[in-house]
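Please keep the sequence and the model in view while reading.

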Amino acid sequence: MLKKGFSVIAATLALAAAVPGHADEAADASANALLYAVAWKQTAAEYRALYHQGYNIARDRVDAALAARKDGDKPLAVLTDMDDTVLLPLPYWSKLTGEGKAFFDDPIWDAWVPQNDLVIAPGAKEFFEYCKEKGVEVFYITSRDQGEKTYEYALGNLKALGLPYADEEHLTVLTDSSNKEPRQQELAEKFTPVVYLGDNLNDFQRKYYIKGDVAGRIAAMEADREEFGRRFVILPNPTDGHWMAAVFGESEPADTPEARAKLVEAAKTVLR
Ligand SMILES: [Mg+2]
C-alpha cells in the first residue's frame, strides 16, 4: 500500500515535470529541452571562436575583393543578418531559462528587444569598422516584428552597440516576410556583395526555406558547398532558426509533448 502510494506520488511528480505549463515547471529549469544548447551558447569558448573564425574569413574575403577591384567596378558591400550574427541575444536566453521555459517565446522576446541588452558578437564590430575604413558598405537585413516600433528598436539595438552604418540607408527590417532576396537583389544592382553573413541559411538564399524536410534542407545546402567560407559565412545557432522548421514544420513550435517527441526523433536521426 505504501509502495503503491509512493508510485502514485512519483508518477504525479514525473508528470508535473513533463507537462509544459504546469505550475511546478518554472521552478525546474533543468527540464528545459534546450538546456545544453543554451548552456553552450552562454559558456563555450568554442561558440565565441566560431564568430572570430567567421569574421576573420569575412575580412580575408574583403581584402581579396579590394585587391581584385578595378576602376569602374561597382562599389563593394557586405550584407549581414542581425540577430545571432552581429547581436547575440544571450541575456534573453538567460531570462527564458530562468523562467523555466523551453523553445523560443515570442511575447518574452518582443518585450525584451527594446531593452537594448544584446551582446556584440565576437569580432563583429572590428570587422564592420574595418569595412568602413576601407570604404566597403555594410547593409543589415533583419526579419523582425515587434509592431509599429520594430524599425526603431532594430536601429536602436545597432546604435546601442556603436556599430558603423547604423542608419536608415543601411538597415532594412522585414516585418511581413523572412525572404531577404528582394532586398539583396536590389543592393546587388548598385554594389558587388562580397560576403553574406548569417546564422540561418535562409539569410543567404530563399531556396533553403524548407519546412518539415531535414534531408531536403541538407541536400539544398550541399548543392552550394563551394559557397561556404567564401560568399556565405555561416555562424552558429543551436537554439533557434529555420533548422527547427525542418524538424518541427515550424521555426517556433510550442513546447508540447508532440514537439518534444519530434525532438527526440531528431536526436536519434542519423544522416550520412
Ligand atoms: Mg539571425
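Which residue in S6 does Leu76 stand opposite? The residue opposite Leu76 is Thr192 in S6. The model is a predicted one.

**Sheet layout**

- Five strands form an open sheet with parallel pairing, in the order S5-S4-S1-S6-S7.
- The edges are taken by strand S5 (171-174) and strand S7 (232-234); each has a single partner strand, so one side of each lacks a neighbour in the sheet.
- On average, and with direction ignored, neighbouring strands of this sheet are turned by 20° against each other.
- As a general point, the strands of a sheet pair through backbone hydrogen bonds, in either a parallel or an antiparallel manner.

**Strand S1 and its pairings**

- With S6, strand S1 pairs in the parallel sense over five bridges, and Leu76 opposite Thr192 belongs to this pair of strands.
- With strand S4 (residues 137-143), S1 runs parallel and is joined by four bridges.
- Thr80 has Tyr140 as its bridge partner in S4.

**Burial of S1**

- S1 is largely enclosed by the rest of the structure, because five of its five residues are buried.

- S6 (residues 192-198) and S7 run parallel and are joined by three bridges.
- Leu197 has Val233 as its bridge partner in S7.
- Helix H3 (residues 45-68) packs on the sheet, where it touches strand S1 (76-80), S6 and S7.
- The direction of H3 makes about 180° with that of S6.

**Ile120**

- Ile120 is located in strand S3 (residues 119-120).
- Is Ile120 buried, exposed or partly exposed? There are 16 other C-beta atoms within 10 Å, so Ile120 counts as partly exposed; a buried residue would need 20 or more, an exposed one 12 or fewer.
- Leaving aside residues up to four places away in sequence, Ile120 touches Leu87, Lys125 and Leu161.
- Ile120 and Ala33 are 87 residues apart along the chain, and their C-alpha atoms are separated by 26 Å.

How values were computed:
Residues numbered from 1 in each chain as written. Predicted model: local features only at pLDDT ≥ 70, side-chain atom pairs only at ≥ 80, totals over all residues. Pairing = 2+ DSSP bridges. Helix = DSSP H or I, 4+ residues; strand = E, 2+ residues; numbered from the N terminus. Axes fitted to C-alpha atoms, helices over the stretch in contact; angles between N-to-C directions. Contact = placed C-beta atoms within 7 Å.
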